[in-house]
Amino acid sequence: MAFSDDLGGNLRSLARWRSTARVLVEALPFILKYDQKVVVVKFGGNAMDENSSHDFSQDIVLMKQTGIEPVVVHGGGPQIGAMLKKLEIPSQFIDGLRVTDEATMDVVEMVLIGSINKHIVTGINRAGGHAVGLSGTDSNLVVAKKLERMKVDPETHESKPIDLGFVGEPDVVNPEVLRTFIKSDLVPVIAPVGVGRQGESYNINADTVAGAVAGAMRAERLILLTDVEGVLDKDGKLIPRLTLSEARTLIADGTIKGGMIPKIETAIEAVESGVKAAVILDGRIPHVLLLELFTEHGAGTLITAE
Ligand SMILES: Nc1ncnc2c1ncn2[C@@H]1O[C@H](COP(=O)(O)OP(=O)(O)O)[C@@H](O)[C@H]1O
Ligand SMILES: CC(=O)N[C@@H](CCC(=O)OP(=O)(O)O)C(=O)O
């Protein structure tokens, strides 16, 4: 090898080491900032392919090892849909919520608690962490009540109640069990199934559960992983920061639509109940949790009180 090639190679290695070191040093103030702070992460069913699940598990373990207290709440809508189809049980959504009869509820519990929850727990444990799977039923973590929804009849303009079956909303969240696990250095992984006062199970939207858990834990961050960059403006450009009133305006003027509405409503409620900030992040970006938590730029849309 010529001397100049050797020198060029060494300089390139030096530049690479410098930039790696810079990334590590950049993380230091954030590692200090989040030390022993609870960060609730919602991992949605759309984001759960093999690669992103592997990255997600590594990110959670790294967060834990740097001193953050991660709490995972997962979804599984597409996976429930696929199982219902296999069993030839028809499924219908109203306002983004799955109408849930008794047979559907059995499938929801089977897929969320029996399958997805265990996969996520196994993924985190294989990445070197110690995770424990729960649903809202365990230790009365999420006591739920039936969700009452009204719909305006387009012809008569009268408001009528609609029956979504066993779809619930969190009534009381008892986070003590989470604190016990956190103290034992375990990562809680929560399936969005709540328990009613009579012991009945309720199917709850996973974003809603994540928001309620973050509120009850007074979390430092609520992170909602989804399949877009963050909240986009009317021209499709990413909005990096929003206050609660700006977020409400974007819902009212129709910029925020469809599935993004319940997400932003969850974020608003969480911040109102004491969560420092909520973030909408693109779960398709590899290791997006680390970029958000440990770099200057952050990623996605940050929603704060003001
Ligand atoms: N202003 C907006 N910014 C970003 N996404 C928006 C906006 N308005 C509507 N959406 C829609 O919201 C979707 C995210 O909601 P949803 O599909 O329910 O997510 P998830 O399945 O991750 O819970 C986006 O894919 C996008 O189509
Ligand atoms: C009431 C209701 O709609 N519950 C959801 C629960 C799962 C969920 O929210 O999963 P994602 O986050 O992957 O969409 C459902 O049955 O699909």
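This is a predicted model: local features need pLDDT of at least 70, side-chain atom pairs count only at pLDDT 80 or more; totals for chains, interfaces and linings use all residues.

Residues are numbered from 1 along each chain as its sequence is written, and chains are lettered from A and ligands numbered from 1 in the order in which they are written.

Stop 1: Helices (H or I, at least four residues) and strands (E, at least two) are DSSP runs, numbered from the N terminus.

**Stop 2: the core.** A nonpolar core here is a set of buried Ala, Val, Leu, Ile, Met, Phe, Trp, Tyr and Cys residues joined through C-beta atoms within 7 Å. Buried means 20 or more other C-beta atoms within 10 Å of a residue's own, with C-beta atoms placed from the backbone. The largest such core has 85 residues, and Val 40, Val 72, Val 213, Leu 222, Ile 223 and Ala 267 have the most contacts inside it. Color helix H4 (residues 102-126) next: with nine residues, H4 gives the most to this core.

Now center on Leu 222. Its contacts (C-beta atoms within 7 Å) include Val 40, Ala 210, Ala 267 and Val 275, leaving out residues up to four places away in sequence.

**Stop 3: helix H6.** Select residues 206-216: eleven of the eleven residues of H6 are buried, including Asp 207 and Thr 208. After H6 comes Arg 218, with a positive phi near 45 degrees.

**Stop 4: the ligands.** Which residues come nearest to ligand 2? Gly 45, Gly 75, Gly 77, Arg 98 and Ala 206 do, out of 16 around it (C-beta within 6 Å). Helix H3 (77-86) and strand E4 (97-98) each give two or more residues to that shell, which has seven nonpolar, eight polar and one charged residues. Gly counts as polar in this scheme.

Switch to ligand 1: 13 residues surround it, with Gly 44, Thr 226, Leu 232, Gly 259 and Met 260 closest.

Stop 5: Finish on strands E7 (residues 149-152) and E8 (residues 159-162), antiparallel and joined by four bridges; pairing takes at least two DSSP bridges. Lys 151 stands opposite Lys 160. Six residues separate the strands, and His 157 in the turn has a positive phi of about 60 degrees.

Notes. A residue is buried if 20 or more other C-beta atoms lie within 10 Å of its own, exposed if 12 or fewer, and partly exposed in between; C-beta atoms are placed from the backbone. Two residues are in contact if their C-beta atoms, placed from the backbone, lie within 7 Å.
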